[in-house]
Number of protein chains: 2
Amino acid sequence: MTDPEFALSCPIPIRDYPRVLLAHGGGGRLMGDLIEKMFLGVFGDPELRRRHDSAVFAVPEGRLAFTTDSYVVSPLFFPGGDIGSLAVHGTVNDLAMSGARPLCLTAGFILEEGLPMETLWRVVRSMGEAARASEVRIVSGDTKVVERGKGDGVFLNTAGIGIVEAGGLVGPESIRAGDAILLSGDIGRHGMAILAVREGLEFETTIESDSAPVVAPVLALLGAGIEAHCLRDLTRGGLASALNELAVSSTLSFSIDEGCVPIREDVRAACEILGLDPFYVANEGRFVAFVPEKDADRALAILRSHPVAGDARRIGAVLAGPAGLVTLRSSIGAARVLDLLSGEQLPRIC
Amino acid sequence: MTDPEFALSCPIPIRDYPRVLLAHGGGGRLMGDLIEKMFLGVFGDPELRRRHDSAVFAVPEGRLAFTTDSYVVSPLFFPGGDIGSLAVHGTVNDLAMSGARPLCLTAGFILEEGLPMETLWRVVRSMGEAARASEVRIVSGDTKVVERGKGDGVFLNTAGIGIVEAGGLVGPESIRAGDAILLSGDIGRHGMAILAVREGLEFETTIESDSAPVVAPVLALLGAGIEAHCLRDLTRGGLASALNELAVSSTLSFSIDEGCVPIREDVRAACEILGLDPFYVANEGRFVAFVPEKDADRALAILRSHPVAGDARRIGAVLAGPAGLVTLRSSIGAARVLDLLSGEQLPRIC
């Protein structure tokens, strides 16, 4: 991981501070330096520069979306991403799922004493790049340091605010029988990318996480007047858990065509070797959209015009009942219930 | 800590789940139960009940304040508070310091596998009570569980949104030479309360944390038309660090009358025994207010009419220079520079 050239770019001299100290979270000069030189340098927002207790900004009258996620992914770096970019993508995607345009984020760092300063620098840089790519400001933050052995490198929290651009309420309560269910792309990559690194598995190709912001295709749907009844990203628990939660919340039934759900060959093979079902594996750049049948084809075309949703498919439909049931139909016509797992397949996936 | 009667009130049966499992953060049925029965039961907000990715609510046109803090205090419970109430007070106070009325919070839990379920229940209950007392909604949340030995019981993050009620910009940039500096009450209690528990120290009286919401006196100041130039709560690093940061940010100089700063006898004695300076010890319910000299007496009277600021005092004045200098004048007229510490006196105080 050490790269002398990258280390030289770190605004906290690594020769003097090779590792994070408890004092970097203590409210004194060292914490001030870390905030001023590293966080403000990278995030560069005028509200952060004010160094006051809260960011303050004007909003138009309307509806706001507000959300939070903590990130404890292990390892911190994985093919296709790291905890810094994940913490931006995860939270802007949660805002987009409410039909909102992300406006700004807060960032809360919980660092473990002894964390290499170069690692923190990598995470902060990646977070800054992801925020710029997602067109979202990081306006307020907080840094805590816990003793060695009381944390695990870096835990990150982001909270986010967005302006709702959807006309109606985007959420489980708006799903209607007859709605088409669209999926924005292939599933299972994020979870398998993490697992492959964690377990030291070698496949023919490196499976890269799908971690990405999905804001653009969502705003395009809304901008085109598509009445998105519900949007849901497919994180912990994967496609199967998201569908189950929504079927329960909406008291409707979903029928899914198994053959229409795209799964890459390498992901499928890796899942088979490990005895995992890709329908339950986490994604970080995939979502389902529930739209009226009449809008389905147009919505698909809009999604496919965005690279992050280029492989979008129609995967099923909403039925009136039985409430809470998700059925998976195979290509030969057999049907099975897609149930909710009690626990999880993989811990610390996000 | 175990109390059979309290344990019986826990909505997750402690006999079945005496401790938090990794699966409680896994996105499956166990996590759903924890959210549904414990978090929704206590916080009870309709937006939480929607179980969607973000909360959505209407806001009037105007200025919003947005802030975050993570809480890693150790121990989790201390005289006068716990991590749950602290996580509410800390964040609503940060909003108040920007002249804002707190509107809603998000809550992000990072739990360590093996945490007693009763402990989590205590924290969540306390958080709910503090939110109700602070008249703030908890509208969105997130739960992660890390393996045993990779966390420390409970880490909490809260982010908050408030509506700015102050006419001008409340912050370091608005401080003016000639402003009076008011302090809302005695200092040093939170830090000494934590330290006494942590080190197993016994004093004649139990020192209780000052952890409390200071929203009411701040809104009363603003409501009475007091032009609060700057407000700052005295958390990590205490009064001395807050004053130093503000003197630097405002490029002004502060002269503080040492004898006017209230410090309780038990806090002073405990600090002396431990070789700590109470000016640097953390508070969680104290703030300084910078107001025009002409408003100072009226502002003091308003603060004192609120129990949480009942012992408010005028402690000094703002001078034109030298920029960034904070001077402490003793009762016999001697002056010394109140400097910024490089690290910290006490780790994990909040």
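Some conventions. Residues are numbered from 1 along each chain as its sequence is written, and chains are lettered from A in the order in which they are written. Since the model is predicted, local features need pLDDT of at least 70, side-chain atom pairs count only at pLDDT 80 or more, totals for chains, interfaces and linings use all residues, and side-chain values use heavy atoms, with hydrogens and water left out.

Start with the extent. Chain B brings 82 residues to the contact, and chain A brings 82 residues; contact means heavy atoms within 4.5 Å. The buried area is about 6400 Å², with 53% of that from carbon and sulfur atoms. That is the accessible area (1.4 Å probe) that the two parts lose on being put together, summed over both. On the chain B side, B:Asp53, B:Phe66 and B:Arg236 supply 13% of what chain B buries against chain A, more than any other three residues.

Next, the charged pairs. The rule finds 14 salt bridges across the interface, each a side-chain nitrogen of Lys or Arg within 4 Å of a carboxyl oxygen of Asp or Glu. One of these joins A:Arg50 to B:Glu173, at 2.6 Å from N to O.

Which strand of chain B gives the most to the side that touches chain A? Strand β2, residues 62–71, with 9 residues; strands here are DSSP runs (E, at least two residues), numbered from the N terminus.

β2(B) also runs antiparallel to strand β1 of chain A, residues 55–59, joined by 5 bridges; pairing requires at least two DSSP bridges. Within this pairing, A:Val56 stands opposite B:Ala65.

Technical notes: Helix = DSSP H or I, 4+ residues; strand = E, 2+ residues; numbered from the N terminus.
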